[in-house]
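Good morning, everyone. Let me put today's structure on the screen, and then I will walk you through it.

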Amino acid sequence: MRSAVFIPPCTMKSHTPCNWEAIFAREPHDALLEIAYRLSEGENLQRQLADEYRNTTPRQREEIDRHVARLHDHIGHQHDKYPSARQAALATRLRNFFDALMLRYIRPYDNRHAPYLLDASTPLTEQDLRIANRWQLVADQCYGTAPLYDPTGREYIYPGDESMLHNINLANSGTPERQFKLNIFPYPFAGNPLTAKIIILSENPGYVDHCNNTFARILQLIPQLAEGVVAHHRSTLRLDGESILPPPTLSYPNLTGSTCRDAGNILGEWYRHTRFTHFVEEEGIDRETIYSNVAIVQYVAYQSTIYGDIPHPLPSQHLTRQLIDYLSQSDSAQLFVIMRGRKLWEKFLGRQIYDRLQPRCIINDGRAQYFSEKCLGHKNYLRLLDTLKQL
């Protein structure tokens with residue numbers, strides 16, 4: 001079921017506190033659409049409702065419990081698969097409820113479609129993901145050379161993420177290495193997770209000042225290469241990327257043979273190049289085959305020197321969960337690799353999605369992100385190697 005228009009975004013003041021009594025009085029479908037819209041705007045509804053819950057009478061709390069369960073049931077999500085779901089603390093129940101809702105909510109990136117909910121019997125499709133991919137709005141800003149490092153302070157942020165990111169950066173003003181760099185294009189994914197055969201799940205893209213600041217500014221002086229890197233990233237944000245790195249083309253004689261790929265590798269401190277060198281040099285696997293069949297999906301899309309936790313999900317992360325949920329149910333034989341933050345991904349994805357991934361998931365419990373036998377273990381290493389050989 002793909003239907004239902006509710007209050008148009010232009011007429012809803014999304015950052016006014018929820019009138020929960022009025023929301024609970026609405027038809028479930030309409031109530032869910034309003035809640036989902038507010039979550040997509042970055043509102044911390046869990047805190048709002050928890051505060052109201054704490055300041056009410058026991059009888060009113062029972063009413064809130066009943067309404068939350070009723071709306072959760074209406075989604076059709078199998079939240080009762082685990083017996084403890086109903087007995088969990090309010091914070092956990094609200095997190096489960098909102099996570100289930102946002103898996104079924106599609107808020108289009110443009111005005112050609114109205115927001116809609118998928119019912120329980122309607123699977124999420126690639127078309128749904130593309131419609132909901134509001135990174136397209138960020139891609140629309142990524143032209144010229146400025147997104148490599150925007151000296152004007154312009155920010156490249158997924159709609160709805162702004163308030164929380166600014167609050168996080170303000171809270172980390174004393175530890176700038178934990179602040180997210182918002183004047184550089186974000187990396188929600190590298191490569192194309194819709195077509196890749198190996199999906200690497202990581203925490204967030206790192207920031208290295210001599211690469212992402214110094215070299216980025218130098219690269220802006222060479223528009224032939226800089227614009228090629230930005231064009232590659234723009235297609236990646238649209239889920240139309242063809243490779244994990246810019247293409248090895250656009251070489252210019254006056255640049256001593258340098259290409260967009262060279263520039264992309266330097267910006268990434270040669271991370272993606274070096275991680276697969278062993279497979280290329282020792283196992284004879286074609287590098288282009290690897291790059292076109294591997295994708296990285298980040299827990300948080302924004303760069304920082306040191307990863308820092310976030311208090312509640314960003315709107316951009318709802319799309320990430322939808323993407324992983326879709327891939328976990330796909331007939332395609334993707335192999336997932338969690339290189340960092342196993343517990344983080346387990347909590348974020350929820351038990352059902354995480355359990356669904358396990359039969360085809362390799363987990364690296366260490367911090368080092370090398371595709372080596374030492375990091376992955378002998379069995380997992382051979383499993384990854386076998387997948388690469390079949391590409």
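**The largest pocket and what surrounds it**

Let's start with the lining of the largest pocket: 19 of its residues are nonpolar, 17 are polar and six are charged. One caution before I go on: this is a predicted model. The space in this largest pocket comes to about 780 Å³. Its lining has 42 residues, and the closest to its centre are Pro 205, Gly 206, Gly 268, Tyr 271 and Arg 272.

Which elements supply at least two residues each to that lining? Strand E3, at 189-190, is one of them.

Look at the two faces. Ile 198, Ile 200 and Ser 202 point one way from E4. Ile 199 and Leu 201 point the other way. All of them are buried.

Now the partners. E4 and strand E5, residues 294-298, run parallel and are joined by five bridges. In that pair, Ser 202 stands opposite Gln 298. E4 also runs parallel to strand E6, residues 335-338, with four bridges between them. There, Ile 198 stands opposite Leu 335.

**Salt bridges**

Next, the charged pairs. How many salt bridges does the structure hold? The count is 16.

Take Arg 107 and Glu 41 first. Their side chains meet in a salt bridge, at 2.8 Å from N to O. Arg 107 sits in the loop between strand E1 (105-106) and strand E2 (116-117). Glu 41 sits in the loop between helix H2 (28-40) and helix H3 (45-54). The pair therefore ties together parts that are 66 residues apart in sequence. Are these two residues buried or exposed? Arg 107 is buried, at a relative accessible area of 11%. Glu 41 is buried as well, at 19% relative accessibility. The cut-off for buried is under 20%.

The next pair is Glu 126 and Arg 130. This salt bridge spans 3.1 Å, N to O. Both residues belong to helix H6, residues 126-132. They are four residues apart, which means about one helical turn separates them. Glu 126 counts as partly exposed, at 32%. Arg 130 is partly exposed too, at 25%.

Then we have Glu 346 and Arg 342. Here the closest N and O atoms of the salt bridge are 3.4 Å apart. These residues lie in helix H16 (residues 342-349), again four residues apart and about one turn of the helix. Glu 346 is partly exposed, with 27% relative accessibility. Arg 342 also has 27%, and it is partly exposed.

One more item on charge. Arg 26, Glu 34, Arg 38 and Glu 43 form one network, joined by salt bridges that share partners.

**A histidine in a loop**

Glu 43 comes up again here, as a contact of His 312. Where does His 312 lie? It is in the loop between E5 and helix H15 (315-328). His 312 is buried, with a relative accessible area of 15%. What does it touch, leaving out residues up to four places away in sequence? The contacts are Gly 42, Glu 43, Asn 44, Met 164 and Gln 317.

**Two backbone angles to notice**

Last topic: the backbone. Most residues other than glycine have a negative phi. Two residues here are worth a look.

Leu 239 is not a glycine, yet its phi is positive, about 60 degrees. Leu 239 lies in the loop between H10 and H11. It is buried, with a relative accessible area of 4%.

Glu 269 is not a glycine either, and its phi is positive, about 55 degrees. Glu 269 is in the loop between H11 and H12. At 44% relative accessibility, this residue is partly exposed.

Thank you. I am happy to go back to any of these views.

Technical notes:
Residues are numbered from 1 along each chain as its sequence is written. This is a predicted model: local features need pLDDT of at least 70, side-chain atom pairs count only at pLDDT 80 or more; totals for chains, interfaces and linings use all residues. Side-chain values use heavy atoms; hydrogens and water are left out. A salt bridge is a side-chain nitrogen of Lys or Arg within 4 Å of a carboxyl oxygen of Asp or Glu. Buried means under 20% relative accessible area, exposed over 50%, partly exposed in between (1.4 Å probe, protein chains only). Two strands pair if DSSP finds at least two bridges between them. On a 1 Å grid over the protein atoms alone, a cavity is a set of points where a 1.4 Å probe fits but cannot get out, and a pocket is an open set with protein on both sides within 12 Å along at least five of seven lines; lining residues have an atom within 4 Å of a point. Grid points are joined across faces, edges and corners, and a volume is the space filled by probe spheres set on the points. Ala, Val, Leu, Ile, Met, Phe, Trp, Tyr, Cys and Pro count as nonpolar, Asp, Glu, Lys and Arg as charged, and the others, Gly among them, as polar. Contact means heavy atoms within 4.5 Å.
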